[in-house]
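Here is a walk through one protein model, from strand pairing to aromatic contacts. Keep the viewer open as you read.

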Amino acid sequence: MAAPTMGMVVTSHPLAVQAGVAVLHDGGSAADAAVAAAAVLTVVDPCSTGVGGDLFAMYWEAGAGGPVGLAAAGCAPAGMTVSALREQGFDEMPADGPWTVTVPGAPWGWSELLARFGRLGRERVLRPAIEAAYEGFAVSPAVAEEWELGANRLHPTAATVFLPGGRAPQTGQRFANPELGMTLERFVAHGHSPFYDGPIGVAIADAVAELGGPLRAADLAGWRGPDWVVPLRARYRDVDVFELPPPGQGLVVQEAMLLYEQLPQGSPAEADHYLIESLKLAFADAADHIADPRFVPVPAAELLDTDRLAALRDRIGPTAAEAPTPGTPSDTVYVCAVDESGSACSLIQSLYDSFGSGIAVPGTGLLLQNRGNGFTLREHHPNRPEPGKRPYHTIIPAMLGTDDGFLGCLGVVGGFMQPQGQLQILRNVVDRGMSAQDAVDAPRLRFLAGRHVGVEDGYDETVRAGLAERGHELEPLPRSECGGAQLILRTPAGLQGGSDRRKDGLVGPQNGGSSGCGG
């Protein structure tokens, strides 16, 4: 189908792209490049990602019939129970703080990817991140904006590291995190072990315990590690869409696209109406059913059953329906990479909300995620917190395929915007024939709650009017809530990349190739 590739890396920050491309140039695999870029992002975009967060990935080896999946999502500590949270005075899961910290999965996820698919070794892969941490870097525009927006979430010990001079760094200001450099050097020397049964793990537990949270060293040492999983596969038109199974929300993409695919789309406004209504039903199913399948069965096959989808489709009318909010925006990073052999990696990593829990671990330069906020305290719900359980996860890397094999990598950051952005970009590519860059740059909409829909600047006025006539209540959608997308497509002419203009990133080809640039 496609011409041989020289390799490509696409993500949301130039330094991360440069790191990944340099690794490819040195003979690294797509896994090496993706981890190199992700490690740099933990340094240069600390509000969105960190070593104290989780990671999900898919890897498609050249010539394979499909990808394998990696779920590096840590679990709830033994003390994170419904009764304990109630005793702390919580009627719902807290947004941040020590009672939202779960075991971080990213360090062990890096180890798994590099052990199975890497070629170069930890020192070469982590070198750019370590250099950036020690030497510092100029803060980029989108990161500076998000840093400022999330600064009030930082606990005092975190503020001493991430608010130099008492304020968020401004665009172009130089920022360094030498303590994080030392932490990354620990990973190079010893792998993930120090984060779980070594000194960094003890420091993580102590930081949470000091603030009254339930995480203990035994929770980190006792975690069994990431899982290699079989991705879920569903067909949209003539494209296979691969998503990871629960506890992630990839099912939302697949259910919504299968509903939407067979609904009327006579005009752009009609198509957008049915896209929104399909997403509402898919999010409602996710809210009711997605949880950790180790603890409760998640009926993925039943949710995507053809007869059930037909019955759901019959419930969608020509006007907007009321629906609960799927959730609020959050911060994440996504990396896609393809190496010269044609192997590809789709990787997403996050602290969840901006700066995660807001808690830094003294002496390490790292922040801890607030992924426990993904649980619910609703009675009898399958996603209630339990010791060793993983919460509902918003971060979802995607891969695309055809009967000829690998077609592309796709990811959209932004919490509950992720399925909405993925479906819109998929539609742009498959239905509208857009290039990778045009597909990620096109204005987006976002279902918010009830009949409310956020619409980005530049959205077609005729479509806006048509949505309003159908009962949708439109409001402006800020750039920070549109999601940031990254995309690589394999075409007959070679690789084609798109990096979202809403972020700071770009497309990095190795020794040439088709590329674009996100603003």
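Two strands count as paired if DSSP finds at least two bridges between them. This is a predicted model. Take strand S16 (residues 452-455) and strand S17 (residues 473-476): they pair in the parallel sense, over 4 bridges. Within that pairing, Gly-454 stands opposite Glu-475 of S17.

Now turn to the rings. A pair of aromatic rings is described by the distance of the centres and the angle of the planes. The structure holds 15 aromatic pairs. One of them joins Trp-110 and Phe-187: the centres are 5.4 Å apart and the planes stand at 85°, over the 60 degrees cut-off, so the pair is edge-to-face. Trp-110 lies in helix H4 (residues 106-117) and Phe-187 in helix H8 (residues 178-190), so the pair ties together parts 77 residues apart in sequence. Trp-110 is buried, at 0% relative accessible area. Phe-187 is buried too, at 1%.

Phe-162 and Phe-355 make another pair. Their ring centres are 6.1 Å apart and their planes at 50°, so this pair is tilted. Phe-162 belongs to helix H7 (residues 156-162), while Phe-355 sits in the loop between strand S10 (344-352) and strand S11 (360-361), so the contact links parts 193 residues apart in sequence. Both Phe-162 and Phe-355 are buried. They also belong to one aromatic cluster with Phe-137, Trp-147 and Phe-175.

Rings meet charges as well. Arg-116 lies over the face of Trp-228, at 4.4 Å from the ring centre. The charged end of Arg-371 sits over the ring of Tyr-352, 4.0 Å from its centre.

Terms used
Residues numbered from 1 in each chain as written. Predicted model: local features only at pLDDT ≥ 70, side-chain atom pairs only at ≥ 80, totals over all residues. Heavy atoms only, no water. Helix = DSSP H or I, 4+ residues; strand = E, 2+ residues; numbered from the N terminus. Phe/Tyr/Trp six-rings, centres within 6.5 Å; stacked < 30°, edge-to-face > 60°. Buried < 20%, exposed > 50% of the residue type's maximum accessible area, 1.4 Å probe, protein only. Lys NZ or Arg CZ within 6 Å of the ring centre and 35° of its normal.
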